[in-house]
Protein chains: 2
Amino acid sequence: MRIVVIGGLAAGPSAAAKAARTNPQADVILFEASETVSYGICETPYVLGGSLPSEEKLVIYTPERLRDEKRIDVRVGHFAERIIPSRKTVVVRDLHAQRSEEVKYDALILATGAHPRRLGIPHEDARNVFCLGSRSDTLAIARYLETETPKQAVIVGGGYVAMETAEAFRARGLAVTLVHRGRLPMPGLEDETREAVRWELERNGVVLIPDAEVEGFVPGKNSAVGHVVTTKGTFEADLVLTAIGVVPNASLAKSAGLRMGAYGGILTNNRQQTSADAIYAAGDCCELVNAVTGERMVLALATLASRTGWIAGENASGGRIKFEGVVRAMGVRVFGLQVAAVGIHSREAASAGIAAESVSIHAYEKIALFPDAQKLNVRLLFERRTGRLLGANLTGPAGAILRAATLSLAIRNGLTVRQLADLDCCYTPPFTPLWDPLLIAAQQAVKKIS
Amino acid sequence: MRIVVIGGLAAGPSAAAKAARTNPQADVILFEASETVSYGICETPYVLGGSLPSEEKLVIYTPERLRDEKRIDVRVGHFAERIIPSRKTVVVRDLHAQRSEEVKYDALILATGAHPRRLGIPHEDARNVFCLGSRSDTLAIARYLETETPKQAVIVGGGYVAMETAEAFRARGLAVTLVHRGRLPMPGLEDETREAVRWELERNGVVLIPDAEVEGFVPGKNSAVGHVVTTKGTFEADLVLTAIGVVPNASLAKSAGLRMGAYGGILTNNRQQTSADAIYAAGDCCELVNAVTGERMVLALATLASRTGWIAGENASGGRIKFEGVVRAMGVRVFGLQVAAVGIHSREAASAGIAAESVSIHAYEKIALFPDAQKLNVRLLFERRTGRLLGANLTGPAGAILRAATLSLAIRNGLTVRQLADLDCCYTPPFTPLWDPLLIAAQQAVKKIS
């Protein structure tokens, strides 16, 4: 049996490794167009900012190690041009040898990922305008920072990549202007949390330009962009980073006639099977199902790429496991703040027609007596009638990210705020308070169930 | 309506405050034999060790503040001598005025707490032999440490109070010998975790004498004990602390004819009602129900005292809320180690006749690339046939205590390791790894379900 995997960043290696483990007799071949597989793109901002020591360490597995340790035949520099589902064949081009060949598969796994969305305006390819979607992007930014020592960065965007790169650039001493089309950063969060993020950005010297659309780039010296023109003013820039979301790489699937979703991703069932026989898909190229609303969405997160890759790999090699849908657990560090979100937010609840209620509390994350005790904001969103937990935001200098996992488990399993209020937490004076912020929030929420 | 509360340490103030809030018309009177109410006895080791700045801050509420802010008529120095259930009366002795009076109640809440178990051997009352059960104990130890600058402490016991005081004494520069009747410290944990705790104690200079029973105290100078004689040798001591568990203060309840449990605690139903009409009980004086096994137990934890106090208070004043039983979430810092346990351990599963299986994994608590990444040990105990999570131990330099809450929620709600394996966690590079240790442990566990 031959299992072919297209794409080597995150979901692909996960799928290939799982397939090889599930069926030790299978030949598993992974094609990747670039020269790198299994790369920690999520950790890139920490390399750029200097808190991770070495960019090379972001290569989690080399092709050789995937072959030797995971039994995967990895072919880098190989671009998948076309799938012929009727013949169970994929046409792959060797970019070095400049020739194409047809490769037969018994099962095919598409893990083609996503690419950064572009502004689509002139000078976006200038030498100091970057995005962050691949190792070559990381290396290009790192090289530019080293060799040209820019002083002024303009980041276009307001999501977590914008937050992480803003922090990285500030850590390297750059002035940072954040041009964002929304009023507040981090569109996936509740407004209260977004205000806290805005404040943390400002406190750390990031200049946020809200409600601003980029209108153009003004060329400066040395074929570089010198200014960014927006609807809210023109800003000088030695370095521009666009971080305005990603688009599924789905053209290969689309041209093979696979069913596509409304958001441009490949449609799969809960076993990661596409509409075509023996073709699976995983990671950022797919649409996912929101476990709370049952609605489809696209969501580029490494955790989900790994997990759906795993599921596709197991099922492609004869297993039968299901993906239970996405709670959506998202955590980011914004300078001194931990920001976590799980489940859906109030605007999604409204648009899904769920009558929701919310509470927001600020409580000490460990007992107030300790000199380093700090407050955590917990915001719970729940169904008004039943108390079923729908979503949560947690924000504070400490203890937000790990507590989010508890709420994620509650949401996945349909637990109510009443059940959350019954949680037994550890009371350990140096680490937690007698009544955990999760309990305080849940107790407030119980009072609001109608 | 008059609600009388006996006992002012933890469960009592919680019950009284909740009663007053639930029924704003009620007169709520709290009698406490000592001069202090609402005291943070759990935080005492951190005061003794110097990481909390001030002992006075452990008084969470003064009697005046409970009166003014919570509408509770607090009477310190008042000892409850006798309950006459047939007349709904309690006989209370004013220890200052040296006279007793009968006080009528409509509802009575017993929150008489527990007292430290004694060895019951000669010289246990010597001026340098201490236990830790009340503010006067805390003050006596603190004063002795200040004025007599002891060099050598012997702690008798191996539970969490012994761990916390060992750390405190070491922080003050004392040599510490821990005399423990078991082979390993922390009897409520799995052996693997207990080995890690032993190692951490040794690494921090605590001399553990295992399998040792105290046989006697040898008097030294100034009516102090000079040596502790055990079955495993005789040890010099400038200061002795006994921390060998607690015994419910239940004599008042017992002499009033209330039903008592096999462990010497007051029996209540799940509304914290005792066998006598209009009498409730809460906190360390009660027996509790283990949510996993359904069996009764005694367990002196501040979280449970607060929670059962709350429930007793609400129900005594006309509410109808239930206590869902105890998952048992216990967390302690042992020097540089976080140690958390939730649910039951393997010996309890065996004695409850549950066919259990377990897994133990060591995994990085955040991505290994970060220079300060450290490993966490997660040990899951689950039902072999169904995969239902029964208990867990978590041990490591970071991230154990907060992750325990997620497992506690799973245990309380009867979730399986399969459901735990479906958990969506945040991946936030500076704080968490791509696959959380909880997920890695759950995935291992799923393979063992038969």
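Two strands count as paired if DSSP finds at least two bridges between them. With that criterion in hand, open the model, which is predicted.

Select residues 152-156 of chain A, strand β10, and residues 175-179 of chain A, strand β11: five bridges join the two, and they run parallel. Within this pair, A:Ala153 stands opposite A:Val176 of β11(A).

Next, colour residues 160-171 of chain A. This is helix α5, which packs on the sheet and touches β10, β11, β12 and β16 (239-242) of chain A. The direction of helix α5 makes about 165° with that of β11(A).

Now show the whole sheet. Five strands of chain A form an open sheet with parallel pairing, in the order β9-β16-β10-β11-β12. At its edges are β9 (129-130) and β12 (206-209) of chain A, each pairing on one side only.

Move to chain B and select β13, β14 and β15. These three strands form an open sheet in the order β13-β14-β15, with antiparallel pairing. Strands β13 (214-219) and β15 (233-236) of chain B each have a single partner strand, so one side of each lacks a neighbour in the sheet. From one strand to the next, the twist averages 20°. Zoom in on β14 (residues 225-230) of chain B: four bridges join β14 to β15(B), and the two run antiparallel. Here B:Thr230 stands opposite B:Gly233.

Finally, display both chains. Chain B superposes on chain A by a rotation of 180° with 0.0 Å of shift along the axis (RMSD 0.0 Å). The two copies are therefore related as by a two-fold rotation axis. Select B:Thr406: in chain B, its C-alpha is the one nearest the axis, 2.1 Å from it. Of the interface residues of chain B, 100% are also interface residues in chain A, so the copies meet through the same surface.

How values were computed. Residues numbered from 1 in each chain as written. Chains lettered and ligands numbered in written order. Predicted model: local features only at pLDDT ≥ 70, side-chain atom pairs only at ≥ 80, totals over all residues. Heavy atoms only, no water. Axes fitted to C-alpha atoms, helices over the stretch in contact; angles between N-to-C directions. Least-squares fit on C-alpha atoms with pLDDT ≥ 70 in both. Contact = heavy atoms within 4.5 Å.
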